[in-house]
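Work through the exercises below with the sequence and the model at hand. Each task is followed by a stepwise solution.

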Amino acid sequence: MKTETRLPSDYNQFIEQIKSSQVQQVSIKPDRIEYTLKPEFGSQRYYTKPVGKIDDLLQLLHRHGVEFDTLPDSSATHASMIGFLLSTGVLVGAFAWLLKFANAGNGVGIGMGMGKSNARVYNQGKPGITFADVAGVDEAKQELQEVVDFLANGEKYRKVGAKIPKGVLLVGPPGTGKTLLAKAVAGEAGVPFLSMSGSEFVEVFVGVGASRVRDLFNRAKRQAPCIVFIDELDAIGKTRGNNPVGGNDEREQTLNQLLTEMDGFDGNEGVILIAATNRPEILDPALRRPGRFDRQVLVDRPDKSGRLEILRVHARSVALSQEVNLETIAAQTFGFAGADLANLVNEAALMAARNNRTVVLMTDFGEAIERVIAGLEKRSRVLTPLERQTVAYHEVGHALVGALMPGGSKVAKISIVPRGLGALGYTLQMPENDRFLLLEDELRGQLATLLGGRAAEEIVFHKVSTGASDDIQKATNLAERAITQYGMSDTLGPVAFANNNTQFLEGNSSRRVVSGEVTAEIDRLVKQNIDQAHDIAFEILRLNRNLLESATQVLLEKEVLEGDQLQTILTQVKAPAELNSWLMKGA
Ligand code: ADP
Ligand code: MG
Ligand code: ZN
């Protein structure tokens, strides 16, 4: 036996690592697979137990150009092969097949079995992953609880004739636990979990993807109740018809087949489709129609308490020293996703092993955090402390200004946890679209609230960041609609200047063809409204400078402010003398 340490790794994780080109070298042993990561990913050494077919693995390794060998482990005999039997003979055969496959692009037909879905099936008989293994994403778990209940007690729903969701789309940044959640749903319900990745459907041969989809659904129906999980839905679900030069026939056929299959079964058959993507914006709208993926569940990066829970989950399998304080670690890992935290615990355990210790110390975690952050900085943007402060002041600015405004401008939650898809922080307000009638003062209040973020940055840093651009866009649209659609202006009066046909394109405003003078007047009024709203926001924050400061410090510490704690802060906001007259006056 060699003395080097190899960490256990989940087979799925291994596959993901191959796909993201992190794997340096793979050794296929009779009873397990050993592999190393490239130096920039920590040169760690792992082993994993294979699941599924060797062909699939070889194909994947081949496709990603990963070096692999099949030296038998001296300690294992060929008789002890588990899972997939692999002798040199089989390998040579597989390799020959692979080469054939690689050459098949020029006209050799679709080989037998290529249209088979090759979906991996988990959870047959054995209890797998459950919700207890997924932490820090309570809202997503809550939403999925219903799916679990349906799968486990389908009869109850069928009796009352309730419509069951057919498709649930998990949306969120990489590593937040989407795959894990889908597996946990199957584990909780005790049903089979058929899983495939979008990229596996799309092959070079036209028609293979579509027939794999068909096969997958046929298998699912035979195994119902069960879950079909499609990872990387965007690989097949990209908007169709974007490509003028021929397009991608294969992908379109695959997508069309998926849509057909989704329409062809009803939820009562006990098959529920779950898909995951981190790029929802590029999905074909047809996928989101009612009866398809009409449920969307956001799986986002965890806040501090979420990170603590995730650390607890992963710390279960390592020996921690008494002095290790997971709360401190949670506080130091701002912006980490679940996978980063799992990786962190692993790294810390490695440090301990390297130093021949039997328990993991706090210093191991300290070093591991630095390593993981260095890796994160390569892959994605991590906020610098200054950026994080800027975001915090900005969000508190919205909240304090909103506190004084009438109607729906009240803020319910502020967060500076990086939101998966774009925004850095966010402030949760009652959405404008939920209101049908917005009074004039409420509309002004919303304008001021929108501009509160930018005003806070000006007051604190005497300059503004690019983070306010979305607010300004929204404020401009709102101010323009106030004048052109709602008739809220003295000089122009209650005349609709907007083109009615476009009023359902929410958020935009589109003017009717009007004279140059009217256009100029609208522009002047929009600017005036925004300037005034900005001035009042600025004045409010100037007057409440100390509160802005203390609330921001609390937000930086907690990362999320909501409930009583937020309301207590908001009730302390003092109103400037001119607020009322500004709210009441006609433009
Ligand atoms: P995604 O599918 O969103 O990219 P995964 O589900 O593949 O993320 O997560 C990869 C690994 O990271 C998981 O197997 C698990 O070990 C860890 N992980 C991610 N999110 C969580 C979470 N919320 N709770 C516990 N572990 C998590
Ligand atoms: Mg995943
Ligand atoms: Zn903002």
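**Exercise 1.** Which residues does T476 touch, leaving out those up to four places away in sequence?

*Solution.* With contact taken as heavy atoms within 4.5 Å, T476 touches V526 and I530. Next, check the C-alpha atoms: T476 and K527 are separated by 8.2 Å, though 51 residues apart along the chain. The model is predicted, so local features need pLDDT of at least 70 and side-chain atom pairs pLDDT 80 or more, while totals for chains, interfaces and linings use all residues. Residues are numbered from 1 along each chain as its sequence is written, and side-chain values use heavy atoms, without hydrogens or water.

**Exercise 2.** Describe how α15 (residues 385–403) and α16 (residues 440–461) pack.

*Solution.* The axes, lines fitted to C-alpha atoms over the stretch in contact, are 7 Å apart, at an angle of about 135°. Angles between N-to-C directions run from 0 to 180 degrees; under 35 is roughly parallel, over 145 roughly antiparallel, 65 to 115 roughly perpendicular, and the rest oblique. α15 and α16 are therefore oblique to each other.

Notes. Chains are lettered from A and ligands numbered from 1 in the order in which they are written. Helices (H or I, at least four residues) and strands (E, at least two) are DSSP runs, numbered from the N terminus.
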